[in-house]
Amino acid sequence: MTKVGIDIGGAFTDVVVYNEENGEISWVKVETTPDDPSNGVLEAIDETKINLGYVNTIIHGQTLAINTIVERKGAKVGLITTKGFRDILEIQRANRRDMYNFRYKKPIPLVPRYLRLEVGERIKSNGDILLPINENEVVEAVKKLKEENVEAIAVGFINSYVNPIHELKAGEIIKRIDSSIMVTLSHEVTREWREYERTSTAVLNAYVMPKMNRYLSKLESEFKRRGFKGNYFAMLSNGGMATFEYAKRFPIYTLESGPVAGVMGAIKISGALGEKDIIAMDGGSTTTKASLVRNLVPNINTDYYIGRDKYNPGYPVKVPTLDIVEIGNGGTSIAWIDETNNLKVGPKAAGAYPGPVAYGKGGKDITVTDAYIVCGFLNQEELLGGKIKVNKRLAEEAISNIAKYYNMSIEEVSYGIVKIANNNAVNAVRLISVQRGYDPREFTLVAYGGSGPMFAPFVAEELDIKKIIVPFLPAGVFSAWGMLVSDIRHDLVLSYPLRIDKENSIDLINEKFNELESKIRSILISEGFEEEDIVMLRYAEMRYYGQEHTVKVNVMPGKIGTGEIEEIKRRFHEAHEIAYAFTLDSPIEIVNFHVSGVVKAESIPLMKIERNNSDISKALIGKRKVFYEGKYEEWNVYNKEFLPINYQIDGPAIIEDPTSTSLILEGQMGMLDSYGNLIIERD
């Protein structure tokens with residue numbers, strides 16, 4: 001049988017096909033169709049020429065959910081909330097990340113005030129009912145929202161995370177009045193406290209739900225028409241995957257589905273090579289993503305923001321998300337001059353259409369790809385195995401405008417754009433490492449994506465990283481492969497502040513973990529998985545009593561006793577010192593209980609390649625003039641597919657594969673290992 005991974009990016013849609021019987025891997029890369037991403041997916045599937053009747057699993061990661069929110073192209077949504085909380089989306093939070101930032105702007109609520117309706121009800125913080133829900137007011141609210149032709153309704157009541165009885169009743173009433181309206185109950189998407197964040201998460205889920213339902217249903221229909229009879233899975237932001245039905249109901253869980261798949265793939269590769277501590281860097285067409293992984297265990301948190309930048313706090317999302325830093329810096333990122341006459345790169349990007357100027361598709365904005373082409377780092381005639389023809393002259397003409405502005409040569413400006421893009425990538429890695437309290441010199445850099453292997457050697461030089469791994473699979477489709485090695489995974493987080501030294505605290509800790517595990521077990525069993533295949537992972541988000549912020553601690557499975565509590569304390573002190581560089585002799589509090597239910601995917605073994613040739617001349621394409629550090633140099637250009645195993649290539653050199661280009665700088669050495677991974681090390 002066969003497994004298929006599908007990943008939609010800003011400029012390209014990737015499909016990777018794995019044949020379980022013979023271990024063969026094939027791939028296809030086509031341009032993304034922004035107006036309807038499903039068209040690009042279907043085009044890529046058709047181009048693979050596989051018989052979907054022999055495919056048992058399709059795993060899909062997409063950008064539809066997050067793009068819908070960023071572009072504000074979601075559904076018309078109504079909100080039903082507790083009386084007195086109608087303006088929670090408007091008030092947001094009083095604290096600001098930068099109190100002296102005069103350009104600070106609150107995000108505009110996705111639900112206008114006339115669609116935010118209140119009903120009488122009140123749950124106390126301990127879960128007791130203070131005021132029973134007024135069902136008649138719920139009925140009236142639903143009727144008003146129906147008259148406004150809303151497609152979806154979010155229900156967010158105060159303290160429903162600890163007792164959801166009123167939200168459940170409101171959901172029943174909505175479905176009784178009109179079953180066609182899509183409903184999101186806040187406690188179903190998150191059981192964490194923070195009223196604004198929980199309401200925001202519920203609204204965002206409702207905002208995306210109708211569009212995601214139509215999109216996934218269309219894919220199901222088209223795949224079925226092509227003969228597919230297997231299982232559909234959607235990649236989730238927590239590094240796992242779930243059924244299409246789950247993704248339709250909770251699309252908010254899929255926001256970072258593509259990037260996290262690449263991290264899971266990087267973990268798989270690194271484990272096989274004996275690397276435990278890595279920084280995964282995905283350089284795409286519009287963004288660069290970085291994620292730090294210690295001991296091959298990704299860090300998952302529930303503090304995520306859509307559209308956050310230095311002027312905007314973004315929309316908060318309280319769902320388990322793999323810790324990724326993402327910046328607007330990729331192959332199609334646009335170079336521009338700001339109001340102080342400084343040259344900038346990103347965050348705006350040309351994307352798939354019109355793309356870089358050199359593609360000759362009508363693009364007018366200079367991109368990072370154009371600069372790399374002019375400097376000679378990229379092939380100056382064609383890319384993507386000949387699918388994309390390159391016109392260097394067009395790129396030079398566009399860059400000449402900036403060159404005249406600065407009274408510099410075209411090559412100098414092009415290299416300036418390259419350096420700025422590289423520095424942006426360095427900043428992404430700094431944010432995920434140095435700013436988190438980790439030394440990047442202690443990690444191996446795993447670089448993939450269309451531009452990742454180009455950025456990587458410059459990042460390594462700047463941050464003194466000793467080793468780079470460019471995966472064996474064409475780096476430009478690596479995230480799609482990462483989906484094939486990801487597990488089925490569901491996460492639940494429950495806010496229940498509890499001092500662990502209090503009387504009966506051990507009983508309550510066991511009770512809360514068991515409650516979450518029972519719910520996850522029932523979810524996975526309802527999706528068709530066997531109970532004996534489910535592995536439970538426990539975490540506690542903890543802090544010193546009186547603190548605001550928490551750190552996450554791994555908690556041992558099984559019944560917790562006095563001995564286990566002491567070990568949890570030790571782990572907390574250790575984690576706190578790493579995060580904040582100090583510990584206290586103060587009472588310790590668990591704030592959030594976090595449980596993950598995992599069903600392990602069938603392993604895809606890394607296959608050693610058989611390449612008998614030891615003649616480097618077969619891989620040598622030729623020499624190319626490269627403008628580097630203010631002057632032209634001649635660099636050797638190699639075809640990765642013909643590189644001999646364990647042959648040392650001293651930099652500077654260029655290694656091309658059909659989807660990306662890897663650079664080896666002077667002072668660096670590259671070598672293809674027995675699996676086909678390109679290992680680059682610094683002298």
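Predicted model: local features only at pLDDT ≥ 70, side-chain atom pairs only at ≥ 80, totals over all residues.
The UniProt record, in an unreviewed entry, lists residues 3-177 as "domain: Hydantoinase/oxoprolinase N-terminal". In the model, this span is 28% helix and 27% strand, and its end C-alpha atoms lie 42 Å apart.

An open sheet of four strands is found here, with the order E6-E5-E9-E10 and parallel pairing. Its edges are taken by strand E6 (116-119) and strand E10 (182-185); each has a single partner strand, so one side of each is left without a neighbour in the sheet. On average, and with direction ignored, neighbouring strands of this sheet are turned by 20° against each other. Strand E9 (residues 152-156) runs parallel to E10, and four bridges join the two. Within this pairing, Ala 152 stands opposite Met 182 in E10. Two helices pack on the sheet. Helix H4 (residues 135-147) touches strand E5 (77-82), E6 and E9, and the direction of H4 makes about 165° with that of E6. Helix H5 (residues 165-177) touches E5, E9 and E10, with a direction at about 175° to that of E10.

Which residues of H16 are buried? They are Ile 565, Ile 568, Phe 572 and His 576. These residues cover an arc of only 70° around the axis, which puts them on the same side of H16. The packing partners of the buried residues of H16 are helix H15 (505-526), strand E28 (534-544), strand E29 (551-555) and strand E30 (588-599). Just after the helix, Ala 581 takes a positive phi of about 70°.

A second open sheet of four strands has the order E31-E32-E34-E35, and here the pairing is mixed. Strand E31 (620-628) and strand E35 (661-664) are the edge strands, each pairing on one side only. Neighbouring strands of this sheet are turned by 30° against each other on average, again with direction ignored.

E31 and strand E32 (residues 631-639) run antiparallel and are joined by eight bridges; Val 626 stands opposite Glu 633 in E32. E32 and E34, by contrast, run parallel, with four bridges between them. In this pair, Tyr 638 has Ile 655 of E34 as its bridge partner. The antiparallel sense returns between E34 and E35, which pair over four bridges, and Thr 661 in E35 is the bridge partner of Glu 656. A hairpin of four residues connects E34 to E35.

Definitions and conventions
Residues numbered from 1 in each chain as written. Heavy atoms only, no water. Buried < 20%, exposed > 50% of the residue type's maximum accessible area, 1.4 Å probe, protein only. Arc of directions from axis to C-beta. Contact = heavy atoms within 4.5 Å. Pairing = 2+ DSSP bridges. Axes fitted to C-alpha atoms, helices over the stretch in contact; angles between N-to-C directions. UniProt positions renumbered as here; feature names shortened; annotations may be inferred.
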